[in-house]
Amino acid sequence: MTVTLADVAARAQVSPATVSRVLNGNYPVAAATRERVLRAVDDLDYVLNGPASALAAATSDLVGILVNDIADPFFGIMAGAAQSQIGGPEGAGAGRAGGEKLAIVCNTGGSPERELTYLTLLQRQRAAAVILTGGALEDPDHSTAVAAKLAKLADGGARVVLCGRPPLAVPGGGGSVAAALAFDNRGGARRLTEHLLALGHRRIGYVAGPVERTTTRHRLEGHRDAMDAAGLGGTVDRLTVHGPYDRQSGYDATLELLRRDPELTAVVAANDTVALGACAALRERGRSIPDDVSVAGFDDLPFSADAMPALTTVRLPLYEAGARAGRLAMGREAVPPGGIASVPAELMVRGSTGAPQV
């Protein structure tokens, strides 16, 4: 026999409206009353009809987290941290349904079409919130289409959070956009190249990410700023190779950089995974790190400190940013002034960089 909301109310000795408020988490309920309702839910094994509840309310219990590649630690760390915050109030208890949300990770594979499709599906499901992670595609038409989708989501009551993505103007729904947490990619990249310049490096190659991504442009701009300030800006274009954010790209690009300048003394990689590929290519060519060539990465992914030698990199607080995005999506943290917060980047100097050999 199907257990109904009325059955739960009778067991907890409260009104059906009170049960609904506890399960939807959209109205303050006394702690003792809430505990009594949740105990009745557990005892009766009551399951809320999610689709029906979503139709009755403005939103459902669904939160979408969009990532480019869930296998990439950069995205996995942020998604996991966000999901850790997408639950009910503290102390709600495992397995209970007192205002918790269901986090769905949507893996776009970097496809702009998939990104738009997922946003459409989340809108149809009346998602309570949407978190978009990582850099955006630098295409005006796609940006306009994403903004329109986010406006519809926001107008439907969903909170929208951008994590590690530049701010985006959302027409007609700005008041519902929780925040944009923007990584300081330019500043971090500039400080990384300044570190190499301070060590005495002048022949510095750069392995950049995909040319169409905002993260790629911002990090390359920071590198160029430092090189320009040192009077070396004229070498940047010749010693920059673009590719995907993966190990193979780092390997192939580094071989190309060595072809362009066999006397290269340093390689800056678009991220830590790319840096590992760069290290492999250098070792294959008989170059010692950092005695012959210094290597630096970006992001400070978990394996960076365990590389041999440990990787000099720029630390982005991925877990902290993802957790904050989750709290903002749930309405548990105040929106920053103007809706935009800059997430700092910290230079982590380790053994993979050193002064060039004279």
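Modeller: Here it is, and we can go through it topic by topic.

Biologist: What kind of model is this, and what are the ground rules?

Modeller: It is a predicted model, where local features need pLDDT of at least 70, side-chain atom pairs count only at pLDDT 80 or more, and totals for chains, interfaces and linings use all residues. Residues are numbered from 1 along each chain as its sequence is written, and side-chain values use heavy atoms, with hydrogens and water left out.

Biologist: How many helices and strands in the chain?

Modeller: Twelve helices and twelve strands. Helices (H or I, at least four residues) and strands (E, at least two) are DSSP runs, numbered from the N terminus.

Biologist: And how much of the chain is buried?

Modeller: 50% of the 358 residues. Buried means under 20% relative accessible area, exposed means over 50%, and partly exposed is in between (1.4 Å probe, protein chains only).

Biologist: Of the contacts between residues at least 6 apart in sequence, what share joins residues at least 24 apart?

Modeller: 72%. A contact means heavy atoms within 4.5 Å.

Biologist: On to the core. Which residues have the most contacts inside the largest one?

Modeller: Ile65, Phe74, Ile131 and Phe183, in a nonpolar core of 45 residues. Such a core is a set of buried Ala, Val, Leu, Ile, Met, Phe, Trp, Tyr and Cys residues joined through side-chain atoms within 4.5 Å. Another core lies apart from it, with 18 residues, including Val241 and Cys279.

Biologist: Back to Phe74. What is it in contact with?

Modeller: Leaving aside neighbours within four places in sequence, Phe74 contacts Gly134, Phe183, Arg219, Asp299, Leu301, Leu316 and Leu318.

Biologist: Asp299 is on that list. Is Asp299 buried or exposed?

Modeller: Asp299 counts as buried because its relative accessibility is 2%. Asp299 sits in the loop between E9 and E10. Its phi is near 110 degrees, a positive value in a residue other than glycine.

Biologist: What about phi at Asp300?

Modeller: Also positive, about 60 degrees. Asp300 lies in that loop between E9 and E10, and it is buried, with a relative accessible area of 18%. Most residues other than glycine have a negative phi, and most peptide bonds are trans.

Biologist: Where are the cis bonds, then?

Modeller: One joins Ile289 and Pro290, with omega about 5 degrees. Pro290 is in the loop between helix H11 (272-284) and E9. Another runs from Met308 to Pro309, with omega near -5 degrees. Pro309 lies in the loop between E9 and E10.

Biologist: And what does Ser304 touch?

Modeller: Asp272, Ala310, Leu311 and Arg350, not counting residues up to four places away in sequence. Ser304 is in the loop between strand E9 (294-296) and strand E10 (313-315). At 0% relative accessibility, Ser304 counts as buried.

Biologist: Change of topic. How much space lies in the second largest pocket?

Modeller: About 380 Å³. Of its 20 lining residues, Asn68, Asp72, Phe75, Tyr245 and Asn271 are the closest to its centre. On a 1 Å grid over the protein atoms alone, a pocket is an open set of points with protein on both sides within 12 Å along at least five of seven lines; a cavity is a set where a 1.4 Å probe fits but cannot get out; lining residues have an atom within 4 Å of a point. Points are joined across faces, edges and corners, and a volume is the space filled by probe spheres set on the points.

Biologist: Which helix gives the largest share of that pocket's lining?

Modeller: H5, with three residues. Helix H5 (73-85) and helix H9 (214-229) each supply at least two.

Biologist: How many cavities of 30 Å³ or more?

Modeller: One. The largest cavity has a volume of about 40 Å³. Its lining includes Asn68, His142 and Arg213.
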